[in-house]
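Look through the structure below before reading on. The paragraphs after it go from one part of the chain to the next.

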Amino acid sequence: MTATLHVQGAPPDSLPPGTPLLQGQFIIDSFLNAGGFGITYLARNSLERRVVLKECYPSTMCCRSQAQVRARTRGQQTEFDVVVRLFGEEARRLAKLDHPNIVGVHDVFEDNGTAYMALDYVEGRDLLDVIETEPMRLEPAAIRAMTQKLLEAVAHVHSHDVLHRDISPDNILLDAENGPILIDFGAARDTARRASRVLSALQVVKDGYSPQEFYLAGAAQSPAGDLYSLAATLYHVLTGEPPVYSHMRLAALAERKPDPYVPLAGRLPGYDGAFLVAIDKALKVFAKDRLQSAEEWLEIIDVTARRRAMTAQVTEDPAVADRIRRLVEDTNAAVRIEQERAAREKAEKARREAEDALAREEARERRRAQAIWEAEEAERALRETEEAEQRRIAAEAEVARLEEEGVEGDETGAAPHGDTASEGPPAKGRAARKARSPGWFSRMWRGRRPVQSAEKIGQMEGYGA
Ligand SMILES: Nc1ncnc2c1ncn2[C@@H]1O[C@H](COP(=O)(O)OP(=O)(O)O)[C@@H](O)[C@H]1O
Ligand SMILES: [Mg+2]
């Protein structure tokens, strides 16, 4: 969301627009957001430039009257002072970070009984907002470039012995060119929480992005924790949701169940296997199994460096040799996963082809059975026709014979059967024979079934072939 759009109902204890700070060097323009530890504002500096101001305001232990901030109770004043001091120290540490992908901290000051830091204003939207509303901005080339820049930023942070501790999609702003800027370092919050009894109950973890050790009070924290959060952020970008929460994975492993994490390797076309393997590796449950540094991660995704490492034959330095060995292992793992995926795809294609061939064979078999049945039917009809023809010939012969007899009877003056020529079976007299012109019997048969059946059989023959 753009900073200006982020304005919602400002809490009553936030500074109202127009409030001057540091003798008018900064003027509050609007409220942006309130977390448990501080309030973020949009402001202007003396040069009328837009800046973002973060106010140290741990709301469970402090309150405001007018602009002034003080501890809620006298007993909490010491703890509150410690938190304000830690906020200032953290801000000064952050101010030393100078990197194009890290928000610039250019002022730290005390006013109103608390501390403030002034940050460069970044024109853009946060990554969570982009994932949800403009995912088409996040195509593979853009994601690869973004990953590279974020890793360089994280490497820079860690090289100054600072941990971010709250890397997540809502703490990365994207400028118009998809350039990512890391904001909202959570390390100060964590230090404050450890230093203060009152703050110890506050949440400094973000489900889905925090590694399991962030949930454990007093657990050791290392750069691998930030890398876990960065990997979880990229996982969200690539799949549309964060990975299974780390504490749930830990619980599953404690119960000797399989890790419910679904790896990326082999799942997403359009990405180099090593790119996905690196994210999977940074997302291991236990810190010791993860990628240990942003540089190591960068080397894995940098194809040229990988090739160099693979072709390097010998080296005197055991640390470098170890690094190369790990790179080669990672690369081999990536290649293996790619090969497995390709083999799975090939097997699936072969199975589909076999199924199609079987279906075609079955259809052919059905057509053949149908044709055989029809041919048999035709043959039977033909047989019947032939028998009928035999009967016809016999009947005609009989007729001829009877007519012969009739002629002989006429000539011998024998009386015809029946009382009159107009009654009974077909008249057999000379007149009747004349009325039925010659050949009537065979005409009655011609053009009927024998011809039809022959044609049909002619058609059938085409089938069986
Ligand atoms: N430097 C900045 N430039 C522009 N917007 C910012 C900047 N810093 C913070 N914001 C906006 O304010 C929101 C809250 O700031 P953030 O530093 O994340 O504080 P928190 O999450 O602790 O409240 C961010 O999500 C972002 O929208
Ligand atoms: Mg934030």
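This is a predicted model: local features need pLDDT of at least 70, side-chain atom pairs count only at pLDDT 80 or more; totals for chains, interfaces and linings use all residues.

What is the order of its strands? The sheet is open, has six strands and reads β1-β2-β3-β4-β8-β7, with antiparallel pairing. At its edges stand β1 (20-21) and β7 (105-111), each of which pairs on one side only. Strands of a sheet pair through backbone hydrogen bonds, and the pairing can be parallel or antiparallel.

The sheet can be followed pair by pair. Strand β2 (residues 26-34) is joined to strand β3 (residues 38-45) by seven bridges, and the two run antiparallel. Within this pair, F31 stands opposite Y41 of β3. Strand β3 also pairs with β4, in the antiparallel sense and over seven bridges. Here A43 has V51 in β4 as its bridge partner. The strands β3 and β4 form a hairpin with four residues between them, and E48 in this hairpin takes a positive phi near 65°. On to the next pair: β4 and β8 run antiparallel and are joined by five bridges. In that pair L53 stands opposite A118 of β8.

Is β4 mostly enclosed or mostly open to the outside? Five of the seven residues of β4 are buried, so the strand is largely enclosed by the rest of the structure.

L22 is placed in the loop between β1 and β2, and its phi is near 50°, a positive value in a residue other than glycine. Most residues other than glycine have a negative phi. L22 is partly exposed, because 16 other C-beta atoms lie within 10 Å, while a buried residue needs 20 or more.

Another hairpin is formed by β5 and β6, with two residues between them. Strand β5 covers residues 62-65 and strand β6 residues 68-71; four bridges join them, and they run antiparallel. C63 stands opposite R70 in β6. In the turn, Q66 has a positive phi of about 55°.

Strand β10 (residues 172-174) pairs with β9 in the antiparallel sense over two bridges. The bridge partner of R125 in this pair is L174 of β10.

The loop between β11 and α4 (187-195) holds D184. This residue is not a glycine, yet D184 has a positive phi of about 55°. Is D184 buried or exposed? D184 counts as buried, because 22 C-beta neighbours lie inside 10 Å.

Leaving aside neighbours within four places in sequence, A278 is in contact with L291, W297, I300 and I301. Helix α8 spans residues 294-301, and six of its eight residues are buried, so the helix is largely enclosed by the rest of the structure. Which residues of α8 are buried? They are A294, E296, W297, E299, I300 and I301.

Some totals describe the whole chain. The protein chain has 13 helices and 11 strands. Of its 465 residues, 30% are buried. Among contacts with a separation of 6 or more, 59% are between residues 24 or more positions apart.

Note on methods: Residues are numbered from 1 along each chain as its sequence is written. Chains are lettered from A and ligands numbered from 1 in the order in which they are written. Two residues are in contact if their C-beta atoms, placed from the backbone, lie within 7 Å. A residue is buried if 20 or more other C-beta atoms lie within 10 Å of its own, exposed if 12 or fewer, and partly exposed in between; C-beta atoms are placed from the backbone. Two strands pair if DSSP finds at least two bridges between them.
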